[in-house]
Amino acid sequence: MSARLLARAPIGLLPIAVLIGIWQAVALSGLAPPALLPRPALVFARVLEQLGQPEFLLHAAATLRRLFAGFVVALVLGVALGLAAGVNRRVDAVVRPLVRILAPIPKIALYPALILTLGFDDAPKIVLVAADSFFPILLATLQGARAVEPKLVWAARAAGTSAAASIYKVVLPATLPAILTGCRIGLVVSCIVVFLAEMISSTDGLGWVLVNAARRFQTVDMFVPLIAISVLGLALNLGLSAIRARLLVGFPEEA
Amino acid sequence: MRGLATLPGLPPLLAIGGLLAAWQAASLAVGLDSLPGVPATLAAFPDLIRDPDTIRNIADSLRRMVVGFAAALALALPLGILMGRSRTFARLMNPLLMVTYPVPKAALMPIIMLWLGVGDLSKTLVIVFAVSLPVIYHAYAGARAVEEKMLWSAAAMGMSGPARLLRVVVPAALPEILVGCRTGIVIALITMVTSEMIARQSGIGNLIFNSLDFAQYETVYAMIVVVGVLGIVLDIAFERLRTALVGWASPVGEVAVASA
Amino acid sequence: MRTQIAGLAGAALVLSLSAARAEEATTIKVGWTIPAEESKYWMMRRPDAFAGLGKTWKIEFVQFQGTPLITQALAAGAVDCGTQAPLALAQGAIGGGLKADIVAQHVAEKAGSFSVYWAVKKDSPITSPAELKGKTVSINALGGGIYAPFALLLKKNGVDAQKDIKMVEIPFPVSEDALKTGRVDAAVMNQPFAAKAEANGTIRKLFSLADQQADIVHTVEACRKDFVQQNPNLVKTYVKAITAGMKLALADRAETLKVVSEVMKVPVPVLDTYLLKDNDFSRDPTAAPNFAAIQTLYDGYAETGLLPRKLDVQEFHDPAVTAPLQ
């Protein structure tokens, strides 16, 4: 009975509580001046206050919109290319060197060129987010597709499934766990990149809210978008976990 | 035609050639100073190489990257594997990770700089944090997916818990772990550069962002090429390592979906 | 025996404490950024030209991406002195409780010198600030130091910077390209990009900051008051070095070009188009701060809402450590 209770208790909140406790201790101890590190209570109070402000919600919506769009683009392209390269050696031969060269490039350095060609609004940020979260998803899908047991495919082909359909009906489901791990990473990367892009050049969004507050030395206001993106990331991740549980019903590791 | 694509060495060269061609075409089409073409970028190299500071900058960045990567592995691998094997531990750690990862550490640089100064430590810490992301999640997934049957057999044969962990779980999870490491290398290189955006002392990122500030775009793209080359070299080295470690895990031949 | 030892220990403690109080630090931590700090670049690259630098006293230089970050570093005590834009300093004082003194001045504008200006494409139909209504205008940093004179000038021409125009943030180096692509109708120009664009013949000046205020101060050197209190002689030495560095920079332009090129990694020919020429900012020969001009700026900031309240520049003025020192 007690083991069951332990299994149900949201023990995941414990480390977070410890983190906030450490934050409070550091802020009170004077290790960091209040001008740089405000007390958690002040920050959370401000967060709650801002949640009621339509202007702040608009900023959060802008960030969420760009994050989502970029992530979806990365997901579709990453999975498609990953599966194709995983099953077809020719595609792999072309994709592999391109990934090798393009993946480690800090795409943020291309941001000025992006702004000039695509404008100031959502487009350059979405492209940047997609470019950065594409590679973790691609790498995970590629490896996952390559590791699919050939027996599964042979069985499907022997039963009359066409080549294309067997990718969709056999390889894709078998690769799902790997894809979802890649998605987890890609999602976090999306959060970070959209925030950074908005910090560098933007007129709205959570990143801009932070930069604006930093310039005016409003430290408490600086922490509000950080908490916001953190909570946003948490919510999206939880959503992803729920989707994962749904999709991977029956997989041994989910049991 | 199929034979052409399988000639060793040719596809990468074709890919690089295609990339350079696309870059040059984009540069001509866009016609802006902020997107120089291939010849202009290559012309920036002689001056860069002759400047002794350049090599020093690249070395500084690489040193931080290597230290950061190693530290991230040391921390994140055990963490991820334990999470994969212990449901409770995973449920303990997961929310914390979900809450802390999405926060861009660049935004916390003022505080980090206060405690750790503006030197290597703060930048290396940012790299450690960023690299640990893919390593933890892939190690977690890999450890989780280890077949229970193998562990039961090992236990039945008298292997202790820790021994099972080391001699069954880790090898079985290794292919997945190595995917995490590969993504980790990519993220290490990117973070190595972006960590130098805020507090600049030395490094490739320092060169890139200083050049961006001064519209020296040829230098910017020349350094991007350097990073690209570093990426290729590291990735090839990593592939060799991966084949050596888990070559046994790859299915023989490709997954024969199409018979063309 | 024990009381004797305690007595000795107590005496030693008191002596060491008073000695520590009397002894000043010998190293000063200075925040710097690029561009436009020639006297500090000289200190970095030609330390032998300064009395005792590197021997009886040392400077630990820390580079930052921009002056607001130096404000935070000052507030946190991570640096002792640093380059500051007057606005960032004021915001740090009001918002972060930063207490600092303006000890010297780096670059400013004056009649005949370069003045930050807004330009349009050469063939643009816009010919006056009033025609900017409804257009897209760029600035390097929304809420930055040059925003107030800009907004006040537009107001004089009947344009409300908040409501009548669309403002976007574009860094200085990208302004020319932004105009060329038509992404913005008017863009802010600063050196050396202004010189480059003028040489290319792609832009036309619309109005400049000097049309609003003649002697805008762009960057000053600020030191934390508590550091000044604890190390008055070190700070005085440093301030004297700033004046000396400014004199060196203005006297030997050829050498200054080399020094700046080493620091900023920009080729000398690019610097030669503007640095220390007539189309460059003005530098006071002794690096003396122009407190009256800074006060005018602060009044403008309060009026445009960049500062929440009026500020008296004398809060940042300690004559004992203000350049030029004898």
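## Chains A and B

Chain A of this predicted model contains eleven helices and zero strands, so that its pattern, when it is read along the sequence, is α-α-α-α-α-α-α-α-α-α-α. The C-alpha trace of chain A spans about 70 × 60 × 35 Å along its principal axes.

Chain B has twelve helices and zero strands, and reading along its sequence gives the pattern α-α-α-α-α-α-α-α-α-α-α-α. Along its principal axes, the C-alpha trace of chain B spans about 65 × 60 × 30 Å.

## A pocket lined by chains A and B

Rolling a probe the size of a water molecule over the atoms shows where empty space is left. The second largest pocket has a volume of about 1000 Å³, and its lining is made up of 36 residues. Which of these residues lie nearest its centre? They are Leu102(A), Ile105(A) and Leu110(A) from chain A, together with Leu19(B) and Trp23(B) from chain B.

Several helices of both chains each supply at least two residues of this lining: in chain A they are helix H4 (54-87), helix H5 (89-102), helix H6 (111-118) and helix H7 (122-146), while in chain B they are helix H2 (10-30), helix H3 (38-43) and helix H12 (217-246). The largest share of the lining of the second largest pocket comes from H2(B), which gives seven residues. Sorted by class, the lining of this pocket has 32 nonpolar, three polar and one charged residues.

## Enclosed cavities

A search of the whole structure finds nine cavities of 30 Å³ or more. The second largest cavity has a volume of about 520 Å³ and is lined by 30 residues. Those that lie nearest the centre of this cavity are Ile192(A) and Leu196(A) from chain A, with Ile190(B), Thr191(B) and Thr194(B) from chain B.

Which helix gives the largest share of the lining of the second largest cavity? The answer is H10(B), with six residues. At least two residues of the lining come from each of H7 and helix H9 (163-200) of chain A, and likewise from each of helix H8 (120-144) and helix H10 (161-194) of chain B. By class, this lining has 23 nonpolar, four polar and three charged residues.

## Where chain B meets chain C

The size of an interface is often given as the accessible area lost when the parts come together. Between chain B and chain C the buried area is about 2000 Å², and carbon and sulfur atoms give 57% of this area. In terms of residues, 23 of chain B are in contact with 26 of chain C. On the side of chain B, the residues that lose the most area to chain C are Asp33(B), Arg200(B) and Phe214(B), which together account for 27% of what that side buries.

## Two crossing helices in chain C

Two packed helices are described by the angle between their axes and the distance between the axes. In chain C, the axes of helix H2 (residues 38-45) and helix H10 (residues 253-264) come within 9 Å and cross at roughly 80°. Angles of 65 to 115 degrees count as roughly perpendicular, and H2(C) and H10(C) are therefore roughly perpendicular to each other.

The contact is made on one side by Glu38(C), Tyr41(C), Trp42(C) and Arg45(C) of H2(C), and on the other by Glu255(C), Thr256(C), Val259(C), Val260(C), Glu262(C), Val263(C) and Met264(C) of H10(C). The residues of this contact divide into six nonpolar, one polar and four charged.

Most residues other than glycine have a negative phi, and most peptide bonds are trans. The peptide bond from Ile34(C) to Pro35(C), however, is cis, with omega near 0°, and Pro35(C) is placed in the loop between strand S1 (27-32) and H2 of chain C. Ala36(C), which also has its place in the loop between S1 and H2 of chain C, has a positive phi of about 70° although it is not a glycine.

Another cis peptide bond runs from Gln191(C) to Pro192(C), with omega near 0°. Where does Pro192(C) lie? It lies in the loop between strand S8 (186-189) and helix H7 (193-200) of chain C.

Key. Residues are numbered from 1 along each chain as its sequence is written. Chains are lettered from A and ligands numbered from 1 in the order in which they are written. This is a predicted model: local features need pLDDT of at least 70, side-chain atom pairs count only at pLDDT 80 or more; totals for chains, interfaces and linings use all residues. Side-chain values use heavy atoms; hydrogens and water are left out. On a 1 Å grid over the protein atoms alone, a cavity is a set of points where a 1.4 Å probe fits but cannot get out, and a pocket is an open set with protein on both sides within 12 Å along at least five of seven lines; lining residues have an atom within 4 Å of a point. Grid points are joined across faces, edges and corners, and a volume is the space filled by probe spheres set on the points. Helices (H or I, at least four residues) and strands (E, at least two) are DSSP runs, numbered from the N terminus. Ala, Val, Leu, Ile, Met, Phe, Trp, Tyr, Cys and Pro count as nonpolar, Asp, Glu, Lys and Arg as charged, and the others, Gly among them, as polar. Axes are lines fitted to C-alpha atoms, for helices over the stretch in contact, and angles run from 0 to 180 degrees between N-to-C directions. Angles under 35 degrees count as roughly parallel, over 145 as roughly antiparallel, 65 to 115 as roughly perpendicular and the rest as oblique. Contact means heavy atoms within 4.5 Å. Buried area is the accessible area (1.4 Å probe) that two parts lose on being put together, summed over both.
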